[in-house]
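Trainee: Can we go through this one together? I'd like to start with the strands and then turn to the ligand.

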Amino acid sequence: MSLDQPDGRQPDHPVAPQFPARWSPRSFTDQTLTKADVMSLLEAARWAPSASNLQPWRFVWALRGEPEFAAILGCLTGNNPLWAGRAAALIAVASKDRIPGRDGAEQVNRTAGFDTGAAWMSLALQAQAMGLVTHAMGGFGVDDLARVVALPGGHTLQAVVAVGHQGAAEALPETLRPREVPNRRQPLAETSFHGRF
Ligand SMILES: Cc1cc2nc3c(=O)[nH]c(=O)nc-3n(C[C@H](O)[C@H](O)[C@H](O)COP(=O)(O)O)c2cc1C
């Protein structure tokens, strides 16, 4: 794993190097992942914090070559199908948004999306520690993916994550090559406030 800061990713304040070093490439090598690799990714996600320890994240994964991989890939939209098919694994991420209330009636778990986001980030940083790259996608047909993964009621699809070994930009379709560079961030002052907005 390289923790060198890619161009344009110099932090303004001291941080552990893995944060600016993580980015979302679109090019993957042909290398495969094993089920054990995927278990390590999911294990990292498992230890994420969640409100009342409800662990509302849900993952449906498939390895390249499996019919379920092709089915998830078939739900992607926009440019995503142009590159995500070369990933070694695709992981659909959902949140379980409803929990049994005290009176037995279902109630909304207000923080399910927040908690599931924490779990995906743990997965992404575990992948980075394993020398892999991840790329989350919100560009998918919601109804199509719900059908493909047999999404239960009361769940929300949040993203599909492509995982694999990073490939060369030249391996991408020509239109995507100029975008295969780490992007930048807004200054902290745009997103963080002392005391109040
Ligand atoms: C929930 C979510 C949805 C995203 N959807 C897409 C997508 O559909 N296609 C894509 O190419 N990138 C997608 N991205 C990647 C973001 O564009 C990327 O994370 C962002 O520009 C920051 O860049 P970095 O991850 O390289 O630091 C998504 C990221 C997240 C977290």
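Trainee: What stands opposite Trp 61?

Mentor: Ile 91 in β2 does. Strands here are DSSP runs of E, at least two residues long, and helices are runs of H or I, at least four, all numbered from the N terminus. This is a predicted model, in which local features need pLDDT of at least 70 and side-chain atom pairs pLDDT 80 or more, while totals for chains, interfaces and linings use all residues. Residues are numbered from 1 along each chain, and side-chain values use heavy atoms, without hydrogens or water.

Trainee: How many bridges pair β1 and β2?

Mentor: Seven, in the antiparallel sense; two strands pair if DSSP finds at least two bridges between them.

Trainee: And what's the strand order in the sheet?

Mentor: β1-β2-β6-β5, an open sheet with antiparallel pairing. β1 (57–63) and β5 (133–137) are at the edges with a single partner strand each, so one side of each has no neighbour in the sheet.

Trainee: Switching to the ligand. Which element gives the largest share of its shell?

Mentor: β5, with three residues. The shell has 14 residues, counted if a heavy atom lies within 4 Å of the ligand.

Trainee: Which ligand atom does the polar side-chain atom of His 135 lie 2.8 Å from?

Mentor: A nitrogen atom. Asn 80 also has a polar side-chain atom 2.8 Å from a ligand nitrogen, and for Arg 185 the distance is 2.7 Å, to an oxygen atom of the ligand.

Note on methods
A polar contact is a pair of N or O atoms within 3.5 Å; within protein, one must be able to donate a hydrogen and the other to accept it, and residues adjacent in sequence count only if both atoms are side-chain atoms.
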